[in-house]
2 protein chains.
Amino acid sequence: MPEARKRSAQPHDAVASDGSPWSARRRQPRDHDMKRDAVVRAATKAFNDRGYHNTSLDDIAAALGVTKPTVYYYVANKEQLLFECFRAGLQRIREAFREAERSDRPARERLSRVVRGYAQAIASEYGWCMVRAHEHDLGPAMGAQINALKSEIDQGIRRLLREGVADGSIGPCDPKIAAFAMAGALNWIAHWYREDQPMSAEEVAEAFATFLENGLLPRPVPAAALRG
Amino acid sequence: MPEARKRSAQPHDAVASDGSPWSARRRQPRDHDMKRDAVVRAATKAFNDRGYHNTSLDDIAAALGVTKPTVYYYVANKEQLLFECFRAGLQRIREAFREAERSDRPARERLSRVVRGYAQAIASEYGWCMVRAHEHDLGPAMGAQINALKSEIDQGIRRLLREGVADGSIGPCDPKIAAFAMAGALNWIAHWYREDQPMSAEEVAEAFATFLENGLLPRPVPAAALRG
């Protein structure tokens, strides 16, 4: 947007970078939410690039082309930003769970849907923050909220595992161990996956779902595949 | 050791806690190594309890009942302590790889040995530091060393996966994805396992090896098991 920008009437606003929601043309009813989202996205990028502890609110303000008080207008502190990054990524996993709940397919297929949504969330820009947001960085109140959200996911996976063992679509397993192993494999994607890699997030999600379903031991080749 | 302790002749030493290698009775040729190990163990415990960033060298000195200059006598800085914690845990994984190299069993069995050693290392007191020691906390030189050591493990697992696919003991898989999924599942143990849990580290290792081998899909029950 090369045209000259007007200064926003909102307190603390500064000159915005190109394409930023601080651009005067974008002021609309949902303005506050959009700007808040932009702050969360900028924080996510900064945390990804240099780590949570090495990022200041000044860095995030600078990346957005606004002043630090403008950032404080949308979030209380850096800790809340980490929390919001986590929550942004979590939406995708929750959507996968909602789809799984609506379906009447065998539990293994519903779990596979959750695994794919989970993998894509972790391969997204929010992945690193999601995986980090459990640690000593968060104070007790926000840490407890994050733990509750993570526990909800863990319990949802265990429930699908139990249903799968019951309906015969999943082999006998310890649901707690299997859920931890799956969450670990999926969370770890944040440690190695970058968006500039040759595999897309969808391909990674597909590959992980396949590996977790098959395991290491060889399986008999289905007769249909041999005929094919 | 209730008997009175003499002050060590070594510079910077202070009154030691009971059972500490700073006890006068323990001064021997391997004294330096033992004391250094104790510093690394105390650091590991402190990092586990309150996080790397929330731990100071003063805290570690206090836990050992020595002064901060004594800690500096053994390590250059807190970063080096994190590195040493990583290296201490790594020994167990390397030992498992050495065993795997000496064996002529199918690659799947050798990989299983590595998985168990890996799981036990991560379930040990060093696990949390091993998993943490890849992050923005380490400077470029030490970070590069850690990355090289992790890459060695990753490549070793991929090699065993390729050998297993070749000898038929492992089903067809993408070794890169499978190695990442396995490392993720195993590394994640540090996030949930505590030594006061009902499962021992050996039981966790066994359960993970079984899950990674079997996967989620049911397997035909072997005829021998049916007869049993």
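This is a predicted model: local features need pLDDT of at least 70, side-chain atom pairs count only at pLDDT 80 or more; totals for chains, interfaces and linings use all residues.

**Exercise 1.** State how many aromatic pairs the structure holds over all chains, then classify the pair A:W192 and A:Y193.

Solution. The count over all chains is 10 aromatic pairs. For A:W192 and A:Y193, the ring centres are 6.1 Å apart. Pairing requires centres within 6.5 Å. The planes of these two rings stand at 85 degrees, so the pair is edge-to-face.

**Exercise 2.** Decide whether A:W192 and A:Y193 are buried or exposed.

Solution. Buried means under 20% relative accessible area. A:W192 has 9% and is buried. A:Y193 has 7% and is buried.

**Exercise 3.** Classify the pair B:F47 and B:Y52, and determine the burial of B:F47 and of B:Y52.

Solution. The centre-to-centre distance of B:F47 and B:Y52 is 5.1 Å. Their planes make an angle of 65 degrees, and the pair is edge-to-face; the cut-off for that class is over 60 degrees. B:F47 is buried, with a relative accessible area of 1%. B:Y52, at 7%, also counts as buried.

**Exercise 4.** Identify the residue that lies over the face of A:Y52 and the one that lies over the face of B:F180.

Solution. Over A:Y52 lies A:K78, at 4.3 Å from the ring centre. Over B:F180 lies B:R158, at 5.4 Å from the ring centre.

Definitions and conventions. Residues are numbered from 1 along each chain as its sequence is written. Chains are lettered from A and ligands numbered from 1 in the order in which they are written. Side-chain values use heavy atoms; hydrogens and water are left out. Rings of Phe, Tyr and Trp (its six-membered ring) pair if their centres lie within 6.5 Å; planes under 30 degrees apart count as stacked, over 60 as edge-to-face and the rest as tilted. Buried means under 20% relative accessible area, exposed over 50%, partly exposed in between (1.4 Å probe, protein chains only). A charge sits over a ring if NZ of Lys or CZ of Arg is within 6 Å of the ring centre and within 35 degrees of the ring normal.
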